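This briefing goes with the sequence and structure shown below. Please keep both open while reading.

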Amino acid sequence: MRLKGAIRSIRVCWSIWLGYVIVLLSILMGLIGGSSSVRVREYKFEVGYMKKKPDCIENSYVMGINGHFPGPTIRAHVGDTLHISLFNNISTNEPTSIHWHGISQHGTPWADGTASISQCAINPGETFHYRFTVDKAGTYFYHGHYGLQRSAGLYGSLIVDLALGQKEPFHYHSEFNLLLSDWWHNTSLHQELSLSSKPFQWIGEPQSLLINGRGQYNCSMAANIVNNNATLPQCKFRTSDEECAPQILHVHPNKTYRIRIASTTSLSSLNFAISNHKMVVVEADGNYVDPFEVDDIDIYSGESYSILITTNQNPNNNYWISIGVRGRKPNTPQALTILNYKNASISSSNIIIPNSPPPITPQWNDFNRSKTFTNKIHALMGSPKPPTHYDHRLLLLNTQNLIDGYTKWAINNISLVLPQTPYLGSIKFKINAAFDRRHPSEKFSNGYDIFSPPINPNANFGNRVYMFNMNQVVDVILQNANVLSGKNSDIHPWHLHGHDFWVLGYGDGKFKQGYDEKKFNLKNPPLKNTAAVFPYGWTALRFRANNPGVWFFHCHIEAHLHMGMGVIFAEGVQLVKGIPKQALACGLTKKIMSFNTTNN
């Protein structure tokens, strides 16, 4: 009996001890993000049109997700797996796809969301399952990557936090998330028709700018304060919950706030400012930068930043937050919202109006100012440094051209037209007939005059691919030039899928090999996924081709991409394993995927 009692006591003690161990292990796994509930985040997205008033004017062709515009914010920790089930419920029978902008997709290139490149377009009534891991903290977003669906409103925020237990290299008390965009009253389908017409019909400047999907058309919140704004009436809102009423940022005095800012604009380059508040830039495109202080920032389509502000102003006042157009002659009014110190009073309509004018957006064509800001961005100490030498260099000339009388954009005289069969499948399974297998041009004529309209404006359609060996170091020199007529050269923000690149430098005029590369910054260039090419200038990028897949590299202005301003990169495609059948169940890969059980 004593022996049995002793054994029973040992068992009880062992059970209690084991219970403590299990609890402690559970807590530890939770702290390091190891539990399955933390690791896998599932979302069900239904894409469709709906009636909304983004700028107080009702529009029946706003594209959103689950009845929301912008789409739901996705938030995850580094190492988490996202599973987004995307159902196409678009009433106009449009296919769709969604790109997870800034996410590298290592090991999951088919989840990049580029129709005809990494996957088949998702047809109406179909569901596509995006599964991928987020491997780097930062401020990102997602958006439609079919037709002009980003212009229709198909976008949302994607925030990746550090793994639990890790800390940022800067301190703040709380944060806000701002998604900046531009808005047209014409539908995206109408815009597509205009851009593809003969003679060409430009879509014009946007009617309004939006902050988190909210803006005001034909009125200004600051009309009663700014004398030169008398042509616009004062905006009147019934309540602060009204659909187009600004989302106000409520802050406490003497605190530090992180403001995450991402631009999903279809056309506009923007300037962001907060009255009376300095901003410290700490992150760009998901990469830490050497902190620097500014009064305002320029942000181009596809870029994202984190800034820090300290609420050290008079706590009894409120302050304007403004965005305005840069780089193009603006016909679109500033978008405004308000930084509200919680000590300050509010009006009866719950819309707080500061008693001073909003910041003045810098002159739209002051490009030296834009370049000054851009050149302040350097990588934080300890960030990866670029290789000192390149293996492969591309010189890509951005031009506006004609093809059979239609206005197009071209790279080295080729305007991109995507094939019916996704490149990922046709290269993986060596289907030679799917696209033009000839080598694309890697440079342009030394004699090309970038400061004048092209002597011969005619270009060609094409869909060739730049093929790189795995781990090659690739330099891309983007060269800007004059448009078809007149004296003008646009800003082009270029975005690379599947990689970050080092921005080695910017320059004016035509790039001179052997001379301009002496100016490259190899010490602390920023890592980014989007970089601007300024009018009549060049931008030098360097990246390592270390991500097996097929990747889009294109101008992030929606209309320019639609008109052919992009190229295709591929590397290590034969190393890609486990392609889901659904990703390639179209075109010339449809039969292959139906018979292939391993997809390896």
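Predicted model: local features only at pLDDT ≥ 70, side-chain atom pairs only at ≥ 80, totals over all residues.

The chain is divided into domain 1 (40-161), domain 2 (174-374) and domain 3 (392-594). The largest nonpolar core has 48 residues, and a second, separate core has 33.

**Domains and their interface**

- The C-alpha centres of domain 2 and domain 3 are 31 Å apart.
- Contacts across this boundary involve 26 residues of domain 2 and 23 residues of domain 3.
- The size of an interface is often expressed as the accessible area that is lost when the parts come together.
- For domain 2 and domain 3 the buried area is about 2100 Å², with 60% of it on carbon and sulfur atoms.
- On the domain 2 side, Lys198, Asp285 and Lys371 supply 22% of the area buried against domain 3, more than any other three residues.

**Nonpolar cores**

- In the largest core, the members that touch the most other members are Trp100, Tyr130, Phe132, Tyr423 and Val550.
- Domain 1 (40-161) and domain 3 (392-594) each contribute at least three residues to this core.
- Beyond its neighbours within four places in sequence, tyrosine 130 is in contact with Leu82, His83, Ile84, Leu86, Ser97, Ile98, Trp100, Ala111, Gly113, Gln119 and Ile122.

**Sheet E2-E1-E4-E6**

- Strands of a sheet pair through backbone hydrogen bonds, in either a parallel or an antiparallel sense.
- This open sheet has 4 strands in the order E2-E1-E4-E6, and its pairing is mixed.
- Strand E1 (residues 40-52) pairs with strand E4 (residues 81-88) in the parallel sense, over 8 bridges.
- Valine 47 has asparagine 88 in E4 as its bridge partner.

**Sheet E3-E8-E7-E5**

- Another open sheet has 4 strands, in the order E3-E8-E7-E5, again with mixed pairing.
- Its edges are strand E3 (74-77) and strand E5 (98-101), and each of these pairs on one side only.
- From one strand to the next, the twist averages 20°.
- E3 pairs with strand E8 (residues 155-161) in the parallel sense, over 4 bridges.
- Opposite alanine 76 stands valine 160 in E8.

- Strand E20 (residues 392-403) and E21 pair in the antiparallel sense over 6 bridges.
- Asparagine 398 has isoleucine 411 in E21 as its bridge partner.
- The two strands E20 and E21 form a hairpin with 2 residues between them, and aspartate 404 in the turn has a positive phi of about 55°.
- Strand E21 (residues 406-411) is largely enclosed by the rest of the structure, because 5 of its 6 residues are buried.

**Valine 503**

- Valine 503 lies in strand E27 (residues 501-508).
- Its relative accessibility is 4%, so valine 503 counts as buried, the cut-off being under 20%.
- Not counting residues up to four places away in sequence, valine 503 touches Pro525, Pro526, Lys528, Ala531, Thr539, Ala540 and Leu541.
- Valine 503 and tyrosine 305 are 198 residues apart along the chain, and their C-alpha atoms are separated by 16 Å.

Definitions and conventions:
Residues numbered from 1 in each chain as written. Heavy atoms only, no water. Core = buried A, V, L, I, M, F, W, Y, C linked by side-chain atoms within 4.5 Å. Buried < 20%, exposed > 50% of the residue type's maximum accessible area, 1.4 Å probe, protein only. Domains from an automatic or database assignment. Contact = heavy atoms within 4.5 Å. Pairing = 2+ DSSP bridges. Buried area = accessible area lost by both parts, 1.4 Å probe. Axes fitted to C-alpha atoms, helices over the stretch in contact; angles between N-to-C directions.
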